[in-house]
Amino acid sequence: MPLFESIPENASIPFVKQTQYLVNGELHDWQGAFEQVFSPVFTIKNGTPDNLIGSYPLMDKETALSALNSAVVAYDHGQGVWPKMTVAKRIQHMETFVSLMKEQRESVVRLLMWEIAKTRRDSEKEFDRTIEYIADTIEALKNMDRDASRLTIRQNIIAQIKRAPLGVVLCMGPFNYPLNETFTTLIPALIMGNTIIFKPPKLGVLLHSPLLNAFRDSFPKGVVNIVYGDGQQVIAPLMESGKINVLAFIGSSRVADILKKQHPFPHLLKSVLGLEAKNPAIILHDADIDLTVKECITGSLSFNGQRCTALKILFVHENVYDEFVSKFSKAVDDLVLGLPWDEKADLTPLPEQDKPIWLSGLVEDASQKGAVICNSNGGAKSETAFFPVVLSNVNAQMRIYHEEQFGPVVPIVKFADVTEPLEYVIKSKFGQQASIFGEDPMEISSLVDTLVNQVCRVNINAQCQRGPDVFPFTGRKDSAEGTLSVSDALRVFSIRSMVAMKDSDSNKKILSDILNSKSSNFLTTDYIL
Ligand code: G3H
């Protein structure tokens, strides 16, 4: 545990008491209760361990409903300034936001390090990836709008087909990518003309505070509203109101189910969900073991395994099992567990404070049923730090075989016949991605043909991952609802709407007059450059 005074200057943060919240284009001073924020990183302050780094408003139902009302009024049944604005103007607002957001990079990065113990390297990557995602989204929207700028004439009907917003979108991201994954729904939803309420995840709240001014200054009032606090207090009333048109949620299926059921009009609500996964690696008899070990290390343990796309179970062919287990366990033991700002740190403390105990329970259950801990440092704990455990001899009787660990425990299963891991994937309630490691094109192609109908991305000789963000990111079964990617997200948060007229002289005159006078924001053939 470091001394508070020993924290390097480039990692230090002041105590962050966030007292303001953004509703209806104004930053209001919160007068009620506050939630304290505890870092996964403890420091010794005046001789005692301390991890209190800030606080934020613990909103009540009334305040949450004022945020909802503000979003509803700003949308105004699609009559608001924002939903009716031209795409080109919305893009200008977004560009203003990005330039203001970039100024806050260092503050957001430091808060990412303290709030969720993401290394500086990964925190910077999360911020920069988000900026790139916004830039790519703008480009994709320009392209989409250019394609839609022409008129279509079929069967004597002239039409213009475009995409229109859906209404009020509630965005909730996960703690492992509190900025990036919140913004991968918020940004496309916003730029398509919807109005937004967003709630930062339970862990990873303060890092949004440096962006409050940017939101306020970049968008018309009521277009972006932020709520904080306990989900039961602030989210349930929003869903129960029936006024949320889209739920964009990345987290657990348990919470997603609760939220969806709270909405009184199931057909009015569209859900865009990123949920759990248990992505397997299938390591074949002829896999390049050194490459496989390297990919499985990052695949299973980057950000301590706290990625929905992480490899969460490794199936290894019996011919290479011993070699793989031994090299993989050694590579895990060589990882450095440190503080987020330590340049050498591969692993960091866990933000969920009770997680080490929960993970120990998974390991204990597996050990009692015959699993073996194969790395020397496996399971060493101190406060919120938990050194990864490599478990071999894993079988279907163990919880770790089925449950998503979302943390640093790596189960390894031996197989003789490749139908065994395939059966696992087919029977699993998850269906996000899989990785195959091997060299034989015939064997790989046969596996690919089975797996593409079970999951939504099959990686060959590589770990599972979401990026590049222009690729579709989704899942089957309990893993997702809807597809996200730069361009898919624009579609998911909008609906096709069109204007059509019979091809007659009088209609053509009306159309020409509208186009020439530029009196409509929708019916226009203007081409965004
Ligand atoms: O937590 C799930 C993320 O979408 C994973 O993204 O594969 O880029 O880490 P990533």
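## Exercises on a ligand-bound predicted chain

The chain's secondary structure amounts to 18 helices and 25 strands, where helices (H or I, at least four residues) and strands (E, at least two) are DSSP runs numbered from the N terminus. This is a predicted model, in which local features need pLDDT of at least 70, side-chain atom pairs count only at pLDDT 80 or more, and totals for chains, interfaces and linings use all residues. Residues are numbered from 1 along each chain as its sequence is written, and side-chain values use heavy atoms, with hydrogens and water left out.

### Exercise 1: the whole chain

*Solution.* 
- Step 1. Along the principal axes, the C-alpha atoms fill a box of roughly 80 × 65 × 40 Å.
- Step 2. Of the 529 residues, 56% are buried (buried means under 20% relative accessible area, exposed over 50%, partly exposed in between; 1.4 Å probe, protein chains only).

### Exercise 2: the ligand site

Work out which residues surround the ligand and where it sits relative to the domains.

*Solution.* 
- Step 1. Count a residue as near if one of its heavy atoms lies within 4 Å of the molecule. The shell then holds Arg129, Asn176, Tyr177, Glu181, Arg307, Cys308, Thr309, Gln465, Arg466 and Phe473.
- Step 2. Sort the shell by class: three residues are nonpolar, three polar and four charged. Here Ala, Val, Leu, Ile, Met, Phe, Trp, Tyr, Cys and Pro count as nonpolar, Asp, Glu, Lys and Arg as charged, and the others, Gly among them, as polar.
- Step 3. Domain 1 (4-274) and domain 2 (279-477) both contribute to the shell, so the ligand lies between them. The bounds come from an automatic or database domain assignment.

### Exercise 3: contacts and cover

Find polar atoms close to ligand oxygens, using pairs of N or O atoms within 3.5 Å.

*Solution.* 
- Step 1. Start with side chains: a polar atom of Glu181 is 2.5 Å from a ligand oxygen, and one of Arg129 is 2.8 Å from a ligand oxygen.
- Step 2. Turn to the backbone, where an N or O atom of Arg466 lies 2.7 Å from an oxygen of the ligand.
- Step 3. Now the cover: the protein hides 95% of the 300 Å² of accessible area that the ligand has on its own, by the Shrake-Rupley method with a 1.4 Å probe.

### Exercise 4: backbone geometry

Locate a cis peptide bond and residues other than glycine with positive phi.

*Solution.* 
- Step 1. The bond from Gly467 to Pro468 is cis, with omega near -10°; Pro468 belongs to the loop between strand 22 (457-460) and strand 23 (476-477).
- Step 2. Gln155 has phi near 45°. Its loop joins strand 6 (152-154) and strand 7 (157-165), and at 77% relative accessibility Gln155 counts as exposed.
- Step 3. Lys518 has phi near 55° and lies in the segment after helix 18 (505-517). With 52% relative accessibility, Lys518 is exposed too.

How values were computed:
Polar contact = N/O pair within 3.5 Å; in protein donor to acceptor, adjacent residues only side chain to side chain.
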